[in-house]
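Here are my notes on the charged side-chain pairs. Please read them with the structure open.

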Amino acid sequence: MRSCPVRVILLGAPGSGKGTQGERLAHRLGVPHIASGELLRAQVRAGSEIGRDIAARLARGDLVPDDLVIEIVGAAVRAATEAGGYILDGFPRTRAQAERAHELAVELGVEAQAAVYLALDDDVARARLAGRAAGGRVDDADAEVIEHRLQVFHDNMRPILDFYDELGILVTIDAAQPPDVVTEEILAALASMTGFPSAPASA
Ligand code: AP5
């Protein structure tokens, strides 16, 4: 297990590869992969009243309210931070989420080291999500819902990218490349950042 902490945020459109890269980076860097969408889908499976409200929003492709997401994701991030770090995928989705998370992290002295933006054209994202439609995710099954998810992404992402750019921790990667190339480019970019430990070579 590494001794240096790793705190990395993955940003990008639906289908940009946040989940794919999150798993790979977590494996290579020896920290947990926290995916906000997975945490929300777990709430749905639990069948609580909150879960039913979340289910309706996921099915429409709408965002879950900031306060609720911050509570759910924040608990997982706090636990991972204490254990050595995280790769966080899918959070933040609004500038308010980014600002609140950063304030809390500053209070605790555990700011994110990097925000990695997986840049991808909408047409490539659409094709990837269509290719995954048989996988059972309710928000992949309907082309209109996919369009809405992309629109929600475009409505919210620019101010988030500006926020991390102003903090000096934004890294942009071409996510249209093969998955292995994307992983290596992310690791190389992280390794070049101040205070970030380099990853062991893949097995
Ligand atoms: P979430 O689960 O985060 O879904 P998403 O952002 O729509 O992203 P996806 O999981 O569809 O794609 P991905 O970028 O992870 O790509 P993946 O690796 O899977 O969020 C779902 C919903 O939860 C949101 O709509 C919202 O309602 C809610 N939510 C979540 N977070 C929230 C928050 N913070 N605030 C409020 N609401 C929130 O790859 C996609 C496909 O492409 C796969 O088939 C994969 O194999 C393939 N692929 C990946 N990389 C490549 C590559 N390089 N080349 C070729 N194919 C590739």
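1. Arg100 is partly exposed, at 36% relative accessibility. The model is a predicted one. Arg100 forms a salt bridge with Glu103, and the closest N and O atoms of the pair are 3.1 Å apart. Glu103 is likewise partly exposed, with a relative accessible area of 42%. Both residues belong to helix 5 (residues 95-108), where they sit 3 residues apart, about one turn of the helix.

2. Asp139 and Arg149 make a salt bridge whose closest N and O atoms lie 3.6 Å apart. Asp139 is in the loop between helix 6 (122-131) and helix 7 (143-167), while Arg149 is in helix 7; the two are 10 residues apart, and the pair links distant parts of the chain. Asp139 has a relative accessible area of 9%, so it counts as buried. Arg149 is also buried, with a relative accessible area of 9%. Through salt bridges that share partners, Asp139 and Arg149 join Arg132, Arg137 and Asp140 in one network.

3. Glu184 is paired with Arg28 in a salt bridge, with 2.9 Å between the closest N and O atoms. Glu184 is partly exposed, with a relative accessible area of 38%. Arg28, at 13% relative accessibility, falls under the 20% limit and therefore counts as buried.

4. How many salt bridges does a search of the whole structure find? The count is 14.

Notes. Residues numbered from 1 in each chain as written. Predicted model: local features only at pLDDT ≥ 70, side-chain atom pairs only at ≥ 80, totals over all residues. Heavy atoms only, no water. Salt bridge = Lys/Arg side-chain N within 4 Å of Asp/Glu carboxyl O. Buried < 20%, exposed > 50% of the residue type's maximum accessible area, 1.4 Å probe, protein only. Helix = DSSP H or I, 4+ residues; strand = E, 2+ residues; numbered from the N terminus.
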